[in-house]
Amino acid sequence: MAPSDLLPVALRAARAGARVLLDAGLPRPGGAADVKSAGDYVTAWDRRSESAILEVLAREAPGIAVLAEERGGTRAGTMWAVDPLDGTTNYTRGFPSVGVSVGLLDGGRPVLGVVIAPFFDKEFAAGRGHGATLNGERLPLLRDLEASQAVVATGFPFRDKTLLPRYLSVMEGSLARFEDLRRAGAAALDLAWTAAGTFDGFFELGLNTWDVAAGAALVLEVGGRVTDWWGGDTWAETGNIMAASPGVHEALLELARKSPQR
């Protein structure tokens with residue numbers, strides 16, 4: 001089976017993970033969680049969601065490498081990138097901005113992606129060359145509006161505070177250049193909302209491959225641009241990502257060029 005034919009498998013896998021989270025429900029703030037690093041948590045439900053996803057992938061797409069947030073895995077030319085619960089901090093606090101993300105990369109480029117927001121009843125899906133959908137309805141191409149009218153999503157580099165000078169320069173420029181910013185705490189969902197036109201762009205530093213693979217597939221399929229902060233194609237490895245409609249993307253790159261390089 002060709003990689004581009006695996007979207008139904010990705011959908012079934014992501015739905016299996018989302019079902020685990022829905023069955024558990026949103027916890028009360030302060031629910032049990034293990035600390036992986038400062039501000040970075042994992043719960044039993046991350047692990048159970050990931051197990052459900054990986055079971056589907058192993059059964060229906062055997063032989064394809066998997067890189068998953070909790071179990072790790074192997075990087076390969078063709079590989080699944082799995083985030084079973086994006087926005088774990090939100091989840092532990094009962095904030096419903098939480099996503100399940102299953103993407104497929106081939107040669108470093110996204111072939112397909114599924115992002116499910118279980119507590120918002122939203123299912124985003126895309127396959128390269130076949131467009132993107134939200135709850136089964138095709139998403140239109142992105143509007144290319146003026147930067148001054150754009151609402152752009154972002155995420156703070158909380159894992160690596162040494163990135164703050166570079167990040168804050170772009171954040172400050174964005175507040176001046178765009179209409180407003182949003183920080184909802186789940187990168188996969190921020191990319192999905194960008195593909196849907198809810199946000200007009202997204203930028204962040206230091207993410208992981210599983211955070212961005214599926215969401216990037218969505219943005220590309222509606223005519224958006226996805227690059228690293230240099231305008232290159234290393235975003236899947238570095239996690240330094242800018243994704244937006246073309247005009248907003250160019251504005252973001254201009255801001256990045258003026259920022260400190262570390």
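View 1. Strands here are DSSP runs of E with at least two residues, helices are runs of H or I with at least four, and both are numbered from the N terminus. Two strands count as paired if DSSP finds at least two bridges between them. Look for Leu112, which stands opposite Gly127 in E8. The two strands make a hairpin with four residues between them. Residues are numbered from 1 along each chain as its sequence is written, and side-chain values use heavy atoms, with hydrogens and water left out. Because the model is predicted, local features need pLDDT of at least 70 and side-chain atom pairs count only at pLDDT 80 or more, while totals for chains, interfaces and linings use all residues.

**View 2. Two loops with a positive phi.** Asp121 sits in the loop between E7 and E8. Its phi is near 55°, a positive value in a residue other than glycine. For background, most residues other than glycine have a negative phi. Is Asp121 buried or exposed? Asp121 counts as exposed because its relative accessibility is 62%; the cut-offs are under 20% relative accessible area for buried, over 50% for exposed and in between for partly exposed, with a 1.4 Å probe and protein chains only. Asn135 is no glycine either, yet has a positive phi of about 50°. With a relative accessible area of 41%, Asn135 is partly exposed.

**View 3. On to E8 and E9.** Three bridges join E8 to E9, again as an antiparallel pair. The bridge partner of Phe124 in E9 is Leu134. These strands form a hairpin with four residues between them, and Gly129 in the turn has a positive phi of about 85°. E8 is mostly covered, with five of its six residues buried.

View 4. The model has six aromatic pairs, where rings of Phe, Tyr and Trp (its six-membered ring) pair if their centres lie within 6.5 Å; planes under 30 degrees apart are stacked, over 60 edge-to-face and the rest tilted. Phe124 and Trp193 form an edge-to-face pair, 5.4 Å centre to centre with 85° between the planes. Phe124 belongs to strand E8 and Trp193 to helix H5 (residues 187-196), so the pair ties together parts that are 69 residues apart in sequence. Phe124 is buried, at 0% relative accessible area, and Trp193 is buried too, at 14%. Elsewhere, Phe156, Tyr167, Phe203 and Trp229 make up one aromatic cluster.

**View 5. Inside the nonpolar cores.** The largest nonpolar core has 39 residues, and Val115, Phe124, Leu218 and Ile241 touch the most other members. A core here is a set of buried Ala, Val, Leu, Ile, Met, Phe, Trp, Tyr and Cys residues joined through side-chain atoms within 4.5 Å. Which residues does Leu218 contact, leaving aside its neighbours within four places in sequence? They are Gly113, Val115, Phe124, Ala125, Ala126, Ala132, Ala192 and Ala195, where contact means heavy atoms within 4.5 Å. Apart from that core lies another, of 30 residues, among them Ala52, Trp80, Val98 and Val111.

**View 6. Val114 in strand E7.** Val114 is found in E7 and counts as buried because its relative accessibility is 0%. Beyond its neighbours within four places in sequence, its contacts include Leu7, Leu11, Val102, Phe124 and Ala214. The C-alpha atoms of Val114 and Ala213 are separated by 9.4 Å, although these residues are 99 apart along the chain.

View 7. Eight strands form an open sheet in the order E4-E3-E5-E6-E7-E8-E9-E10, with mixed pairing. The edge strands are E4 (72-73) and E10 (137-138), each pairing on one side only. E3 (residues 65-68) and E4 run antiparallel, joined by two bridges, and Leu67 stands opposite Gly73 in E4. Helix H2 (residues 44-60) lies across E3, E5 (78-86) and E6 (99-106), at about 150° to E5; axes are lines fitted to C-alpha atoms, for helices over the stretch in contact, and angles run from 0 to 180 degrees between N-to-C directions. Helix H6 (residues 209-221) also packs on the sheet, touching strands that include E7 (109-117) and E8 (122-127), and its direction makes about 100° with that of E7.
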